[in-house]
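Here are my notes on this one, kept to a helix pair and the strands around it. Have a look at the model first, then read on.

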Amino acid sequence: MEDGGRSTQWRFAAPNPTLAAAGERSIQKALLQVHACLDERGPRPVIPLSHGDPSSAPSFRTAPEAEEALVAAVRSGEYNGYPTPATGLPARRAVAEYLSRDLPYMISHDDIFLTCGGSQAIETVMSVFGQAGVNILLPMPGYPKHEAHAVFHRMEVRHYNLLPERGWEVDLEAVEALADGNTVAIVITNPNNPCGSVYTYEHLAKIADIASKLGILVIADEVYGHLVYGTTPFVPMGVFGETVPVITLGAISKRWAVPGWRLGWIATCDPKGILRKTKVVDSLRSFVSIISGPATFIQGAIPHIIKNTNDEFYNNIVKLLKETAEICYDAVNEIKCITCPHKPEGSFFMMVRHI
């Protein structure tokens, strides 16, 4: 390039190929292409079927107790500064107590790492394990951000199938066949996005047994935890922490219908201390120390959000999800060219296929 008689050779033109590959796995790129084809001024309303944001519908407004807790935290003037261990401790303790309700053992605040939403929880875990030469087992169909972050951190992605004829259960035989000495983890999503399935206790126990046999940990994305409306109750993967080390990813975004508040967590469900012995906990702590976590005021509010939210709010959300799932399922089965192989039982999604 000529510049005032000089020829400059710019050294920053080449794109990062790893980032480009990761971007191809993100659903956001496809969504932007679809939206570019839409006429927002047209006579028909645009219905977003591609994102798990319940707050876009007035019927999914969050609990009054959650709003009051957030307002109180802001008005207190105590949470205007940077987050500190002192401000984060009550939040981590509250999340630990919340998760421990469903476990056969107690986890402590030291087992909790707060993140800026569930997406940052995914990014953090993939950063900890990501290095050239290792591979990770991801479900197909699956949540695109799992794969995007795995690819960005140079992990080889190996897909195992979810079986529609078995309610989208994990193909356990395929998992054993895919794993080798370089496999570090298997990711499961329960309740499932995008299939709408909920795994039984028995199936989760089998996943834990296989992971233990293979010597790999389980990363359980449970951001839709408790949002179940079928016959199968929600069982957290951490129940099987005595069998295999489990890293649980969660957030308040779905159950409280506030994805914009950006409060998520990573929980190490590992009563035998394997993740500490292998320095995984140290690595999580190191990564969290170099990123920006959730806003201070949401950390200040979360203990009150968890403590004060009325069960009626949770029940109403689940009831509404059940009603809307029934509507979608019945409508899809009236369309001749597609079918839903398994009626959704949890999360905000259902999976259809062409026939």
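1. H1 and H6 are roughly antiparallel to each other (over 145 degrees counts as that), because the axes of H1 (residues 17-25) and H6 (residues 144-152) cross at roughly 170°. Those axes also come within 8 Å. Axes here are lines fitted to C-alpha atoms over the stretch in contact, with angles from 0 to 180 degrees between N-to-C directions.

2. A word on provenance: this is a predicted model, where local features need pLDDT of at least 70, side-chain atom pairs count only at pLDDT 80 or more, and totals for chains, interfaces and linings use all residues. Side-chain values use heavy atoms, without hydrogens or water, and residues are numbered from 1 along each chain as its sequence is written.

3. Who touches whom (heavy atoms within 4.5 Å)? From H1 it's Thr18, Leu19, Ala21, Ala22 and Arg25; from H6, Pro144, Glu147, Ala148, Val151 and Phe152.

4. Helices (H or I, at least four residues) and strands (E, at least two) are DSSP runs numbered from the N terminus.

5. S4 (residues 135-140) pairs with S5 (residues 156-163) in the parallel sense over six bridges; pairing takes at least two DSSP bridges. Met140 sits opposite Asn161 of S5.

6. On to S6 (residues 169-170): S5 and S6 run antiparallel, joined by two bridges, with Leu163 opposite Glu169. Five residues separate the two strands of this hairpin, and Gly167 in the turn has a positive phi of about 70°.

Methods:
Parallel < 35°, antiparallel > 145°, perpendicular 65-115°, else oblique. Contact = heavy atoms within 4.5 Å.
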